[in-house]
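Dear colleague,

I am handing over the structure below, and after it you will find an account of what came out of the analysis. Please read the two side by side.

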Amino acid sequence: MTRNLRHTGLTEQRHRGAARSNYSVAHKWLVGILAAASAALATSTSNANLLSNGNLDQTYQQEIVPGFFLPKPALWVNEGFRNNTGPYEDELSSEPWAGPAPTPVTVGDYGVFFKPFTGNLSTGDLAHGRLYQDVPGTPGLTYVLSGWAGAEPNYSGLIPGSPTESLFSIQFFDAASSPLGGAVLDLAAAGLGTPNGEPFSYKQFTLSATAPAGTANVRVMVSMVNAYANPAGGGQAFVVDDFELSAIPEPSALALLGAGLLAFLGIRRRR
Ligand SMILES: [Ca+2]
Ligand SMILES: [Ca+2]
């Protein structure tokens with residue numbers, strides 16, 4: 001009797017031991033998966049800035065007309081043109097006064113100064129300037145762009161009914177450089193230049209877009225469109241600084257992580 005009980009007890013202990021061991025294997029396996037998933041998630045959602053020279057502080061001297069140079073932001077492409085007179089190079093420049101607080105204050109802080117007054121409304125020679133950077137993109141990831149923009153009160157983009165637009169955009173391209181869509185934020189509609197007591201009434205803007213199938217590259221762009229010299233004169237600068245682009249995993253990756261967590265909790269509960 002005593003022997004049998006002891007024996008049964010031992011057997012139960014062995015079974016428990018086996019169950020614990022199975023649990024332990026499953027547990028380790030799941031913990032491994034969750035750790036990997038969490039690490040992937042943490043990496044992709046960390047505030048790692050995918051842009052180079054996002055703070056616009058690195059500059060180079062660009063010869064805009066023979067013998068005359070202007071600082072421009074390095075590692076970004078800048079393009080300017082006017083409706084009637086075509087391409088020109090004085091649509092924007094890098095300036096140490098253009099990215100003050102409340103934008104992040106960095107050592108050797110430069111911002112970019114767009115020059116709407118290089119356009120002419122009465123002749124129709126409206127000015128366009130854009131600054132962009134391309135980075136590799138992954139289909140399914142959601143890209144979040146944040147950046148600071150400000151404007152002086154007489155910027156043509158702040159005149160009611162003005163054709164001038166001030167835009168932040170995210171555009172996706174496939175491997176053949178064909179556009180696949182994206183998102184555009186109209187800064188004036190989002191409050192550009194609304195007085196807030198800060199230099200240039202600077203404020204931070206954010207937009208996001210999910211990369212469609214076939215995405216190979218993501219383009220981040222700031223544009224000044226259809227700009228012109230305000231007949232009233234006065235301060236007309238449109239300024240930007242401190243851009244960040246980050247990527248967030250697609251919902252299915254989050255769902256997988258959620259499913260892993262549920263399975264893990266389920267095993268714990270069954271135990
Ligand atoms: Ca700054
Ligand atoms: Ca800066």
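Two residues are taken to be in contact if their C-beta atoms, placed from the backbone, lie within 7 Å. In that sense Ser93 touches Leu70, Pro71, Lys72 and Phe113, leaving aside residues up to four places away in sequence. Please bear in mind throughout that this is a predicted model.

To stay with Ser93 for a moment, this residue sits in strand 5, which covers residues 92-95, and it counts as buried because 21 C-beta neighbours lie inside 10 Å, where the cut-off for burial is 20 or more. Ser93 and Lys72, although 21 residues apart in sequence, are 5.0 Å apart in space, taken from C-alpha to C-alpha.

As for the chain in general, its secondary structure comes to 2 helices and 13 strands, and 28% of its 271 residues count as buried. Of the contacts between residues at least 6 apart in sequence, 72% join residues at least 24 apart.

The largest nonpolar core has 41 residues, and those with the most contacts inside it are Val112, Tyr143, Leu145, Val220 and Val239. At least two residues of this core come from each of strand 6 (111-114), strand 7 (127-136), strand 8 (142-151), strand 9 (165-173), strand 12 (217-227) and strand 13 (238-248). Leu145 touches, among others, Phe168, Ile170, Val220 and Phe243, again without counting residues up to four places away in sequence.

Strand 9 pairs with two other strands that I would ask you to look at. It runs antiparallel to strand 12, to which 9 bridges join it, and within this pairing Leu167 has Ser223 of strand 12 as its bridge partner. Strand 9 also pairs in the antiparallel sense with strand 10 (residues 179-186), over 6 bridges, and there Ser169 stands opposite Val184 of strand 10. The hairpin of strand 9 and strand 10 has 5 residues between the strands, and Ser177 takes a positive phi near 65° in it.

Finally, the peptide bond from Ala101 to Pro102 is cis, with omega near 20°, and Pro102 has its place in the loop between strand 5 and strand 6.

With best regards

Methods. Residues are numbered from 1 along each chain as its sequence is written. Chains are lettered from A and ligands numbered from 1 in the order in which they are written. This is a predicted model: local features need pLDDT of at least 70, side-chain atom pairs count only at pLDDT 80 or more; totals for chains, interfaces and linings use all residues. A nonpolar core is a set of buried Ala, Val, Leu, Ile, Met, Phe, Trp, Tyr and Cys residues joined through C-beta atoms within 7 Å. A residue is buried if 20 or more other C-beta atoms lie within 10 Å of its own, exposed if 12 or fewer, and partly exposed in between; C-beta atoms are placed from the backbone. Helices (H or I, at least four residues) and strands (E, at least two) are DSSP runs, numbered from the N terminus. Two strands pair if DSSP finds at least two bridges between them.
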